[in-house]
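Visitor: I have a model open and would like to learn how to read its features. Could you walk me through it?

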Amino acid sequence: MRFDAAVLRSYEDPFAVEEVILNAGPDDGEVLVRIAGCGLCRTDLAVRRSAGRSPLPAVLGHEGAGVVVEDGGPDTGLNPGDHVVLSFDSCGHCRSCLGAAPAYCDAFAALNLFGGRAEEAARFTDAAGGTLAPRWFGQSSFAAYAMVPARNAVRVDPALPLELLGPLGCGFLTGAGAVLNSFGAGPGDTVAVFGAGAVGLAAVMAATAAGAVVVAVDRHPERLALAEKFGAIPLPAASGDLPGRIRRLTDGGARFALDTTGSAPLINDALRSLRPRGHLGLVARLHTELPLETGTLDRGRRLSHICEGDAVPALMIPRLTGLWQAGRFPFDQLIRTYPLAGINEAEADCEAGRVVKPVLIP
């Protein structure tokens, strides 16, 4: 079948919407999904800075949502007409997957970051027959259609606004999952969130929904205004003595802190803002050494990296849609939609901070 997709052909060039060809139907365990909307995530944009590690040309996109149009057999557990949110891929049989930790799958990098399915590269080509990296994050959903493993397709209520749900499969799942899964935050806990982008604001909403006291740190006044709207105490990043101010706002220090910035100075501030035995989670990929200042890990404080919110998507996505239906996780207020042909505008707006979460509509 032939359909339109946004193709990235080099690390410097803009995306080009062009015709692509899927040369085979779904195999066992796969489903073909007509994409209703796909979030644009900074992980997609990071391909430009991957120093050649991500194969191009490729169709990116890993926050897709859509309707199943064809399934690869009864073992998928899905049927044509089902509404699904697409999340990251995992093998399903390694020790991490069997331990309900698919984000730490032994094959995570091969399945998600490097295009996937290299042994069947001819299955997905451009109109001239040129090979495209076949499955970014198990999806390649900057497109009208995506062929995905049923394992990373989560059925959702058809009454939900399907075109807006894609970011629940990665960005919003990561922020909310860090708070609800990794931290297990609840009533009376204190959470400091460093960086009020899509991941950080999802963390703010989840922490508020869990009954925690939340402080949000960012350098953009408009992002702090959003965080305050969602229940956080706003704190400009340029404030003097950030750790001291957070400790005063949280009665002695935050129990949990989440850094979404990857900034070494802010990570050190976050550690200093914790109470004894506090936990700082990092979600950004660090590209340089992280120097820790003396004393930042004293008194039982700990530091960990959190991948995909420690989530099992089939459990976490319904939890988030349930919170949205209850008015307690208003993620739709972070979204601006663009046509697929507007992907380069969406990228520019995302990089400039003019939009929190762009969603592309094929």
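Visitor: In which sense do β2 and strand β7 (residues 124-126) pair, and over how many bridges?

Guide: Happy to start there. Strands here are DSSP E runs of at least two residues, helices are H or I runs of at least four, and both are numbered from the N terminus. Two strands pair if DSSP finds at least two bridges between them. In this case β2 and β7 pair in the antiparallel sense over 3 bridges, with Val20 standing opposite Asp126 in β7. On strand β1 (residues 2-8), the pairing with β2 (residues 16-22) is antiparallel too, over 6 bridges, and Asp4 stands opposite Glu19.

Visitor: What should I know about the origin of the model and its numbering?

Guide: This is a predicted model: local features need pLDDT of at least 70, side-chain atom pairs count only at pLDDT 80 or more, and totals for chains, interfaces and linings use all residues. Residues are numbered from 1 along each chain as its sequence is written, and side-chain values use heavy atoms, leaving out hydrogens and water.

Visitor: How many helices and strands does the protein chain have?

Guide: The chain comes to 10 helices and 17 strands.

Visitor: How do I judge the overall shape from the radius of gyration?

Guide: The radius is taken over C-alpha atoms, and the globule rule is 2.2 Å times the number of residues to the power 0.38. For 362 residues a compact globule would have a radius near 21 Å, and the protein chain agrees because its value is 20 Å. Along the principal axes, the C-alpha atoms fill a box of roughly 60 × 40 × 35 Å.

Visitor: What share of the residues count as buried?

Guide: Buried means under 20% relative accessible area, exposed means over 50%, and partly exposed lies in between, using a 1.4 Å probe and protein chains only. By that scale, 57% of the 362 residues count as buried.

Visitor: Which residues of helix α8 (residues 264-272) are buried, and what covers them?

Guide: A general idea first: an α-helix has 3.6 residues a turn, so residues three or four places apart point the same way. In α8 the buried residues are Leu266, Ile267, Asn268, Ala270 and Leu271. Their cover includes β10 (190-194), α7 (242-249), β13 (254-259), β14 (274-282) and β15.

Visitor: What does Pro362 touch?

Guide: Contact means heavy atoms within 4.5 Å. Not counting residues up to four places away in sequence, Pro362 touches Ile35, Ala36, Gly37, Ala143, Ala144 and Leu340. Pro362 lies in the segment after β17 (357-361) and is partly exposed, with a relative accessible area of 43%. From Pro362 to Pro339 the C-alpha distance is 6.0 Å, across 23 residues in sequence.
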